[in-house]
Amino acid sequence: QGILRLPPAHFLIVTSHSVRKERYWQIDPSRQIRYRRDEEYAEHCREVIAEAVRCRLRSHGPIAADLSGGLDSSSVVSMAQHLIKSGDAIVSGFKTFSWVFPGQACDESKFIREVIEHWNLDAHTLVPSTTPPDLYIDRVLRVLDFPGYPNSTAGNVYQELMRQDGYRVQLTGEGGDEWFQGINEPV
């Protein structure tokens, strides 16, 4: 009781004399970016992604990353590796975690492998049939809900495995495929 969540884009300053809440950012929906050539839009997009990933690579411990084989996670992992290899980000470790579904239509192993090989990544793949069932069942019982989109309960299983391996930061590209394709709703 009496514990409240800060609204988005706000910070709280607490001193011995006062508590003050301030807004640090507000979106301007009327702002438009106009370039003359497609290449300029692509470069701007690359700069925004690079800065977003670079800021999230700051950690006192190793970094874990989802790698699904989609455009979103592959872009995040590739940008992270570019920043690490160029010296623009220094990390104490980096490892990818991927779900694979051998023999099923949803399996993206081919694309995952291409990213892993291109960057020579330390990678961990999980096959649902070999994932410790107690972790999955424990998570389902703990949240007492059916998994949403994407299957967040299944994702919790490998988040637990990441924690057990000492990772406290997880990069994802969640939702990026939809944004880059211009799809408002998950398909």
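Trainee: At what angle do the axes of helix α1 and helix α2 cross?

Mentor: Two packed helices are described by the angle between their axes and the distance between the axes. Here the axes of α1 (residues 38-56) and α2 (residues 71-86) cross at roughly 75° and come within 9 Å. Axes are lines fitted to C-alpha atoms, for helices over the stretch in contact, with angles from 0 to 180 degrees between N-to-C directions. α1 is therefore roughly perpendicular to α2 (65 to 115 degrees). This is a predicted model, in which local features need pLDDT of at least 70, side-chain atom pairs count only at pLDDT 80 or more, and totals for chains, interfaces and linings use all residues. Residues are numbered from 1 along each chain as its sequence is written, and side-chain values use heavy atoms, without hydrogens and water.

Trainee: Which residues make the contact?

Mentor: Contact means heavy atoms within 4.5 Å. From α1 come R46, I49, A50, V53 and R54, and from α2 come V76, M79, A80 and L83.

Trainee: Is K95 buried or exposed?

Mentor: Buried means under 20% relative accessible area, exposed over 50%, partly exposed in between (1.4 Å probe, protein chains only). K95 has 13%, so K95 is buried. This residue lies in strand β4 (residues 94-99). Leaving out residues up to four places away in sequence, K95 touches I63, A64, A65, D122, A123, H124, D165 and Y167.

Trainee: In what sense do β1 and β2 pair?

Mentor: Two strands pair if DSSP finds at least two bridges between them. Strands β1 (residues 10-14) and β2 (residues 19-23) pair in the antiparallel sense, over 5 bridges. They form a hairpin with 4 residues between them.

How values were computed: Helix = DSSP H or I, 4+ residues; strand = E, 2+ residues; numbered from the N terminus. Parallel < 35°, antiparallel > 145°, perpendicular 65-115°, else oblique.
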